[in-house]
Amino acid sequence: MGKTLFDKIWDSHVVVSKPGFPDAVYINTHFIHEVTSPQAFDGLRKRGIPVFRTAKTRATADHNVPTIDQHLPIKEALSRKQVEMLTTNTAEFGVELYGLGHPYQGIVHVIGPELGITLPGMTIVCGDSHTSTHGAFGAIAFGIGTSEVEQVLATQCILQYRPKRMKIEVNGKLKKGVVSKDIILYIISKISASGATGYFVEYAGEAIRSLSMEARMTICNMSIEMGARGGLIAPDETTFEYIKGREFAPKGADWDKALGYWKTLYTDADANFDVVLTFDAADIEPMITYGTNPGMGIGVTQHIPSLDSLDEKEKPSFKKSLEYMGLEAGSELLGKKVDYVFIGSCTNSRIEDLRMVADFVKGKKKADDVVVWIVPGSKQVEAQAKKEGIDKIFEEAGFNLRQPGCSACLGMNEDKVPAGMYCISTSNRNFEGRQGPNARTFLASPLSAAAAAITGKVTDVRELV
Amino acid sequence: MSKNFQHLVSTAVPIAIENIDTDQIIPARFLKATTRDGFGENLFRDWRFESNNEPKKDFVLNNPIYKGEILVAGKNFGCGSSREHAAWAIGDYGFKVVISSFFADIFKNNALNNFILPIQVTDEFLDKIFSAIEKDPAAKLEVDLEKQSLKITATGEEAKFDINPYKKACLINGYDDIDYLLSLRKEIETYEAGREFNF
């Protein structure tokens, strides 16, 4: 019987597999950042051991960094200390750092792909759940805790049980105004925030295949929001075209050899999945979330579920969620006033996202009482946007183009949405307090967020494109 | 956090909410510490305290009738961010066991790596636990890791739970994954030497 793409990669990375023990899996690339690494380095110090393979770990500062005046010292003392500690830890242990001010600095899941570090067939981990992003290249990539970060630093391996495999097929073509973010929000709304827990997902089907690499990253990025260990997409010409010529990608004879291997990375026709789900792209409309987990999403023209449509057991959590959001069961979101628009995060802060927004807003102005933050995913994205004049378009629209970092996705820096305010956000989580204490989040695509920025309310972008 | 676990008899703290994410367990703004200590004081911060730091009276951790070393929560506990700080906060607060009818994967690993035992029970058994505590907040639960059993003392009702044998041995004996992986050094080097690509 044939193998799934996941199993091909996993099997080629198992160092030791013993009955009753989790597999010791070799890790090709390990990304670290300032928030989940200090305690891991501390652990190494306590054990008196070095980083085992320094060249296989790369560091950047993203979660905590300010998105204005990055050339100045970080004002907030605790954030500053964490970022400084990343600098001293990486220097002490010999790990490459793309810190603040470095031309490669940015959100860890944006810089890995754009630098050609992320490659098909790799195993990739990072102390961040959105590591699943890198799966878009046909890699096994997943988020880990700090104890596991220490494991990988110490041994370049991680102990893991092999997850089950799920295939999610999205067939057909997307309708106008519907983009990759809508696909993943739609899938999560159908299978819930825990619908893929215990599984590694492979995305397939015409609608996935026809996406660009950056759009594929958006899909894989949010795999964790349905509980999946990770999500991947078989590499193809789109993938190879994207990687070729990037800074750390293989070159010359190495490229040819790697390409030969990458072309073997697909799921065999007779391979088995534990679960197969199929969706039709034509059923998907622009999506928006109304609740406090990413599974609580609806098409923008639909109504929030009514209480009688729910199981008795689901009601308390549902009510708590709507109370937090200040919304009524059964009501519609269309036309709801928004206060903030956040376009950024490892889900949607790449150059294509910024281009999509710029194309839409060109010649338009933001609504008067809306604050719009655009936070590019990396220094390179920022530079490219300026090169293309996208910064001018944003400026004319009244948008605030900031500097790279995780920013208002999780509000670890100053970029917090004030209590009670509504933010339409291209990020990945609408949890209570995620964007700031008592902030209220609507997750949506960059296009839907841009539409809301112009109208000042939740808008069906299809009416404007 | 004590580094091994075998047996525990304790009252429990109930939070009958589903999909409790790690941002609720420990909000991002409290992730700035560079050690593993002290996260317990911000456990469930925004459910537990008003913005002026006054305790919220209706939250269970502020109700003195509920205490103990066991946390009982609704299904899909620990979803969201991979932050191990969530497990540190739970451990630092004094919980040794978390019971739910479903756990997010990364949280489960993080808990086990910190010698906190996540016990997954059926929805029905979880309901029984919640109603036992509702009836009597002093109701005790008994956890026996060796036998993989969880008992509601008052009713004698018992559920078996799964845990993989490796992690069970780690918890009982107090060793961690790094001890095991470091012992595989030779195998790791042999694997590296046999790899076709240097990535």
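Predicted model: local features only at pLDDT ≥ 70, side-chain atom pairs only at ≥ 80, totals over all residues.
Reply: Buried means under 20% relative accessible area, exposed over 50%, partly exposed in between (1.4 Å probe, protein chains only). Residues are numbered from 1 along each chain as written, chains are lettered from A and ligands numbered from 1 in the order written, and side-chain values use heavy atoms, leaving out hydrogens and water.

Me: Which residues of strand β4 of chain A are buried on each side?

Reply: Strands are DSSP runs of E, at least two residues, numbered from the N terminus. In a regular strand the side chains alternate between the two faces of the sheet. In β4 (residues 57–60) of chain A, A:Thr57 and A:Ala59 are buried on one side, with A:Arg58 and A:Thr60 buried on the other.

Me: Which strand pairs with β4(A)?

Reply: Pairing takes at least two DSSP bridges. Strand β3 (residues 29–32) of chain A runs parallel to β4(A), with 3 bridges; A:Phe31 has A:Arg58 as its bridge partner.

Me: Why does A:Arg165 count as buried?

Reply: Because its relative accessibility is 18%. A:Arg165 sits in strand β9 (residues 164–171) of chain A.

Me: What does the side chain of A:Arg165 join up with?

Reply: With the side chain of A:Asp7, through a polar contact of 2.7 Å (N or O atoms within 3.5 Å; within protein, one able to donate a hydrogen and the other to accept it, and sequence neighbours count only if both atoms are side-chain atoms).

Notes
Helix = DSSP H or I, 4+ residues; strand = E, 2+ residues; numbered from the N terminus.
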